[in-house]
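This report concerns a predicted model. The sequence and coordinates are shown below for reference.

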Amino acid sequence: MSKIEALISARTKADLAHLLGVKTSFLTYVLYVLKPSTQYEKFEIPKKSGGVRTIWAPSEKLKSLQAELSILLQDCIEEIEGVRAEEGDDSTSTLSHGFVRGHSIITNAMQHLNKKNVLNVDLKDFFDSFNFGRVRGFFIKNKNFHLEPSIATVIAQISCHDDKLPQGSPCSPVITNLITHALDVRLATLAKKHSCSYSRYADDITFSTRKKIFPPQIMRHEGGVYLPGKRFISEIRRAGFEINHGKTRILYKDSRQEVTGLVANQKPSVKSEYWRTAKAQCHALFQNGTFTKEVNGVMLAGSINELEGKLNFIDQIDHFNRLRSRKKPDPIYVIRNHGYKQDELLSGRERTFSRFLYYRWFYGNKKATILCEGKTDNVYLKAAISRLATRYPKLVKPETTTQKYELLVSFFKYTARTRFFLNLHGGTPYIDLFIKSFNEKQGFYSAPNPEKPVIIVMDNDSGFNDTFNLLKKMNATPYPSTLKKNNFRNSEFIHVGQNLYVVLTPLGAAGKETAIEDLFSKKVLGEKVSGKTFNPCDKTRDNAKEYGKEVFAKRVVLAKKDSISFSGFKPILKRIVQCIDHYESIRP
């Protein structure tokens, strides 16, 4: 049974709770037991055009419920679109681009490239236009749903606050797309009739045309005033909306044509001043450790999270255009032994983003950064810290009746983008390159010295041989200080220099080499999954009889975390703490 069929068949709260993947008691508790006054937190953010936007942030429990409803409804939308496509009608799949899977402001802008005229229209008080009754009535009356009234009521109760859809809820945008779909179809029909393209992103409506004069049947500009055509304004009002006339504008080919914040003349791109601002903020951050931003004419302290969001956004657009050009993306993923530096293959914007990411994780990091050889190592160490939380107050704040669980260290996560921007993707070759270039990269920044260490956790086995030779050349210091020079394998930790440390897994009996998996008990390592046994070595594994590290991390370590003692991890967690303590004692 499809998701939408299951939703249509739902008759009770228990049925709906099952579809949302929650217990009925949880659904009832969140909706009817918790006080409404505790369910949302109100805050305001400044609008670019002036004024403020009110955001209602749902409580953690309510947000989780709304997120599940959002996923369910998005599944339903995909099934509805799939049926339309099978029937030969996929004309409506590109009308709405806001909060739709596979769509974004980029795909929205793509609908309006190389046009002579672009019309932007903003719908006034968009989210406030959807009250409780409208949401409930839609799910009862809409031909694709026709839900049981009691189910429609619960959906409206989950999604609405103060008799309207709140901005800040995960399910508000999805519900607005469902209800506004009929308007999209009617306006797309109007657009087609007058040789225009149409799209909508939340409350932003865009028409565009290759005609020299924008069709007056949709919008005309007379005496400095924009006047909507009769059918256009009729459809807007019929759908229960009003036009925000102060934001209506027609943009011509010889000017900068903007669509939902992107320049859309020839290709989707960010505004030049947007990039210049982000670049200047990065420069200030690298030089001073802080930067400012202007909000409604007032200079305020900048947020590094917000700056990362800007850089991610810019790179998302650049990456899209690079792939669209059908050229192979550069730089090719290489390591230093190919004879050239990764930085030399990055564009100017990419180099700035690379330096920002490096600064965030390894120079300006506000928590100790832990860098492991592989992704599964992160899983092991996080699980160990969680289970042994009360023993290591410098690594974690345990959950209590008055405080939430909080890791006091950050684990670096390997992704395709970290490989692209930082040449970091796990494995000793990448880590050796990171260590070798550490002093050079740190020297780029003039900001105050790092507050926290960077701690590399590695296996104490044959894979460490090349790293051993590298550390020897760099005059790294093993601790405790009673150890002989270069006695890295028996050290509790190694200070490479500045804020960089290396921690090895403790050697076994008689100096036996070890890997991080050896810190688990034989019982845990002997756990069978689907009849298979664990073999951490990719080269010798018989996949028909054995499973690897990823399965071990998910199906054994995470799945059975509460029953694993993790006592074997105490020495390595102690060593991580020692690194933190040591850097605190020497930090400039």
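**Nonpolar cores.** The largest nonpolar core of this predicted model has 62 residues, and the members that touch the most others are Leu-7, Phe-139, Phe-145, Phe-207 and Phe-232. Helix α8 (residues 172-193) supplies the largest share of this core, 9 residues. When residues up to four places away in sequence are not counted, Phe-139 touches Leu-73, Phe-145, His-146, Leu-147, Ala-152, Ile-155, Ile-175 and Leu-178. Another core, of 58 residues, lies apart from the largest one and includes Tyr-358, Leu-371, Val-454 and Ile-494. In soluble globular proteins, nonpolar side chains tend to be buried together.

**Glu-258.** Strand β9 (residues 258-259) contains Glu-258. Because its relative accessible area is 10%, under the 20% cut-off, Glu-258 counts as buried. A polar contact of 3.3 Å links the side chain of Glu-258 to the side chain of Arg-256. Beyond its neighbours within four places in sequence, Glu-258 is in contact with Val-118, Asn-120, Arg-249, Leu-251 and Lys-271.

**Backbone features.** Tyr-479 and Pro-480 are joined by a cis peptide bond, with omega about 10°. Pro-480 belongs to the loop between β18 (477-479) and β19 (493-497). Asn-486 is also found in the loop between β18 and β19, whereas Asn-475 lies in the loop between α17 (465-473) and β18.

| Residue | Phi | Relative accessibility |
|---|---|---|
| Asn-475 | about 55° | 52%, exposed |
| Asn-486 | near 70° | 18%, buried |

Note on methods. Residues are numbered from 1 along each chain as its sequence is written. This is a predicted model: local features need pLDDT of at least 70, side-chain atom pairs count only at pLDDT 80 or more; totals for chains, interfaces and linings use all residues. Side-chain values use heavy atoms; hydrogens and water are left out. A nonpolar core is a set of buried Ala, Val, Leu, Ile, Met, Phe, Trp, Tyr and Cys residues joined through side-chain atoms within 4.5 Å. Buried means under 20% relative accessible area, exposed over 50%, partly exposed in between (1.4 Å probe, protein chains only). Helices (H or I, at least four residues) and strands (E, at least two) are DSSP runs, numbered from the N terminus. Contact means heavy atoms within 4.5 Å. A polar contact is a pair of N or O atoms within 3.5 Å; within protein, one must be able to donate a hydrogen and the other to accept it, and residues adjacent in sequence count only if both atoms are side-chain atoms.
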